[in-house]
Amino acid sequence: MVNSAYIDQVEKRSLELGAPTFEKFNDGNNTIKWDEEAERQWKLHPPETTQFFDKNVYELCNKKSVKTVMDVGCGTGLLIYSLPKGKKYIGVDQNNTMLSYAKMRTEQVYGSATQILKSPITDISTGYPDLLGTIDRLVTFTVLQHNHLRTTSKALEDFYKLLSPKGELLLLEGTLNPETYTKEICQKYRHPEIDFDTEIGAVSGGYFTVNGWKAFLAAHDFEVINYIKESTLFHVRKVNG
Ligand SMILES: C[S@@+](CC[C@H](N)C(=O)[O-])C[C@H]1O[C@@H](n2cnc3c(N)ncnc32)[C@H](O)[C@@H]1O
């Protein structure tokens, strides 16, 4: 059960912090042009693209019990280089240019055990009900951070339904670390300073502190098994899995 009172509280705190809402963030000069981004990402190849994917994703998916891996917000399918052999790969995105590159790349690298689906991150189980409860690893890399808090919340609800009982979420999203989120950055972006021990608020449409992510995930019945600081990767499981 999603703790909606908590989501309301995070939204309120986030606004108190003066964080721009996603809509504001996206209205300004920060709007991301996904078609252009697709052209840029299509030109990327290993080894430079696989540094963190390799170390973490390969290991976390390299188990016999892991049969199906879903890459939500797959972009041009860069994750495929780091997938252990013998899995079924499902890439999901809503941008057509990303989708056509992802199809080419994943088929070239991994062959026919790949499927590319078009969907917003909030509605995958509605669009593809056959996938309910079938995903052993659901990976989201730099996707939720581009979405509003409410969209992220809905997406997490959907991920819970898609994951198999022992399924796990690998989440690498914008995360505020004391090391990187310095006083200078607070001043530059006119954000208030963050209390990293207690802060739960979101900043810039989805950037949480580590504790913020943990609490937000808990409000969606997920618990963090491990947090890998160097890449800000959260390894997460269902509480009642
Ligand atoms: C920065 S790219 C990351 C691509 C890939 N995960 C990677 O790490 O190489 C973000 C991707 O998320 C997709 N995306 C963002 N918000 C989305 C949403 N609400 N529904 C579906 N796709 C979304 C974009 O289309 C884009 O392809």
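**Note on the predicted model: ligand shell, sheet and core**

1. The ligand is surrounded by 17 residues, the closest of which are G73, G75, Q94, N95 and F141; a residue is taken as near a molecule or strand if its C-beta atom, placed from the backbone, lies within 6 Å of it. Sorted by class, this shell holds eight nonpolar, eight polar and one charged residues, where Ala, Val, Leu, Ile, Met, Phe, Trp, Tyr, Cys and Pro count as nonpolar, Asp, Glu, Lys and Arg as charged, and the others, Gly among them, as polar.

2. A word on the source is needed before going further. The model is predicted, and local features need pLDDT of at least 70, while side-chain atom pairs count only at pLDDT 80 or more, and totals for chains, interfaces and linings use all residues. Residue numbers start from 1 along each chain as its sequence is written.

3. The protein contains nine helices and nine strands; these are DSSP runs, helices being H or I with at least four residues and strands being E with at least two, numbered from the N terminus. Of its 241 residues, 38% count as buried, and a residue is buried if 20 or more other C-beta atoms lie within 10 Å of its own, exposed if 12 or fewer, and partly exposed in between, with C-beta atoms placed from the backbone. Among the contacts in the protein with a separation of 6 or more, 69% come from residues 24 or more positions apart, a contact being two residues whose C-beta atoms, placed from the backbone, lie within 7 Å.

4. Which order do the seven strands of the open sheet follow? The order is β3-β2-β1-β4-β5-β9-β8, with mixed pairing, and two strands pair if DSSP finds at least two bridges between them. At the edges stand β3 (114-118) and β8 (222-228), each of which pairs on one side only. From one strand to the next, the twist averages 20 degrees, with axes taken as lines fitted to C-alpha atoms, for helices over the stretch in contact, and angles running from 0 to 180 degrees between N-to-C directions. As background, strands of a sheet pair through backbone hydrogen bonds, either parallel or antiparallel.

5. Strand β4 deserves a careful look. Residues 135-141 form β4, which pairs with β5 (residues 163-172) in the parallel sense over six bridges; L138 has L169 as its bridge partner in β5, and I135 has L163. Strands β1 and β4 also run parallel and are joined by four bridges, and the partner of V72 in β4 is T140. Six of the seven residues of β4 are buried, so this strand is largely enclosed by the rest of the structure.

6. Helix α9 (residues 210-218) lies across β8 and β9 and runs at about 155 degrees to β8.

7. The largest nonpolar core has 51 residues, and those touching the most other members are M70, L79, L138, V139, F159, L169 and L170; such a core is a set of buried Ala, Val, Leu, Ile, Met, Phe, Trp, Tyr and Cys residues joined through C-beta atoms within 7 Å. Leaving aside residues up to four places away in sequence, L169 touches L138, F159, L163, F222 and V236. In soluble globular proteins, nonpolar side chains tend to be buried together.

8. Is H146 buried or exposed? H146, which lies in the loop between β4 and α7, is buried because 20 other C-beta atoms lie within 10 Å. Although H146 and I32 are 114 residues apart in sequence, their C-alpha atoms are 8.7 Å apart in space.

9. Most residues other than glycine have a negative phi, and most peptide bonds are trans. P46 and P47, however, are joined by a cis peptide bond with omega of about 5 degrees, and P47 is found in the loop between α3 (34-42) and α4 (51-61). D221, in the loop between α9 and β8, has a positive phi near 65 degrees, and this residue counts as partly exposed, with 16 C-beta neighbours inside 10 Å. T232, in the loop between β8 and β9, has a positive phi of about 55 degrees although it is not a glycine.
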